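Let's take a friendly walk through this model. Have the sequence and the 3D view at hand as you read.

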Amino acid sequence: MQEKTNPLLCDIETGLCEMPGNDQDTSASGIFQSVKKPIKVVYYTDPICSSCWGIEPQLRKLKLEYGNSIEIEYRMGGLLPDWNYNSGGISKPSDVAHHWDEVSVYYDMPIDGDVWLVDPLSSSYPPSIAFKAAQIQDKHKAVVFLREIREMVFLEKKNITKWEYLEQAAKNAGLDLQQFKTDYEGKAKALFDDDLKFGRELGVRGFPTLFFVDSTGKTEKVYGSKPYASYEDAILKLDAATAKSTYPKSWEFAFSKYPSLTAKEFSELTGTPRSESEQKLNELTSKGILGKLTTKNGSIWTIKKITH
């Protein structure tokens, strides 16, 4: 019998962070149908899932190219309930540090694993519940909030179970802080529990897991961190006639849509060869247009001003 691995030990080959004890694989057929757009994407994720951070470039591009045809519903999967795991080479938070550094190189996305040495997280539940609180207010701002807390944990080594950081991220995302706190302490927990229950019913074994569902209930699943083409193929399998939107490949457009970008994201969104993207971003930084935060495994650039 195969030993259950710790959920924070993500399989680089499959691009999946797996949870112990959910081996059922239920058909997702008929789970949801999209209401507003032809295809609904149910995305099971977790704020501290390194593989989910790894697919940010692909997801951001997918929204730009297929945003007219897909609506993405974010669901929280509960990757790390607590530290009652002792397997897979990870038995304590400090064991995650080296793994995150390795994953960072593989996905070409900056991750500083030292958060697990400096201020380790006890669970991914508090930031997940906070995301549900943000979702109650505004689905778009909730996605911005999720990005904020991911940058905090992966790049800034911040323990995002702490209220001070969750509150700061909510403020940065433009959420009403009083309502956010009320919902975080109130109904968000039940919504998170609903996500966990629904994930079990769907047989979600790990993250990222994306279900693409058309209006008839026909479903395509993509497990794990995969190249862009895998997500695009899922859409086209459901509807081969789905039109791809063209968008400006300029740095101005990319940063107007996403105010912070890694070199991999910039490359994916603008079509700039990856070997050149860092140089281009550094040029914009030297001109005072972008701010740059560097970790030991890469950098992220933030827009300061759009020049016209």
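## Confidence

pLDDT is the predictor's confidence in each residue, on a scale from 0 to 100. For this predicted chain the mean pLDDT is 90, with 85% of residues at 70 or more. Residues 22-26 fall below 50, and this stretch has 21 contacts in the model beyond near neighbours in sequence; a contact means heavy atoms within 4.5 Å.

Residues are numbered from 1 along each chain as its sequence is written. In this predicted model, local features need pLDDT of at least 70 and side-chain atom pairs count only at pLDDT 80 or more, while totals for chains, interfaces and linings use all residues, and side-chain values use heavy atoms, leaving out hydrogens and water.

## The sheet and its helices

Helices (H or I, at least four residues) and strands (E, at least two) are DSSP runs numbered from the N terminus. Three strands form an open antiparallel sheet in the order E7-E9-E8; strands pair if DSSP finds at least two bridges between them. E7 (260-262) and E8 (290-295) are the edge strands, each pairing on one side only.

Between E8 and E9 (residues 298-303) there are 6 bridges, and Thr-295 faces Gly-298 in E9. Helix H13 (residues 274-286) lies across E7, E8 and E9, at about 125° to E8 (axes are lines fitted to C-alpha atoms, for helices over the stretch in contact, with angles from 0 to 180 degrees between N-to-C directions).

## A buried loop residue

Leu-80 sits in the loop between strand E3 (70-76) and helix H3 (94-107). Leu-80 counts as buried because its relative accessibility is 0%; buried means under 20% relative accessible area, exposed over 50%, and partly exposed in between (1.4 Å probe, protein chains only).
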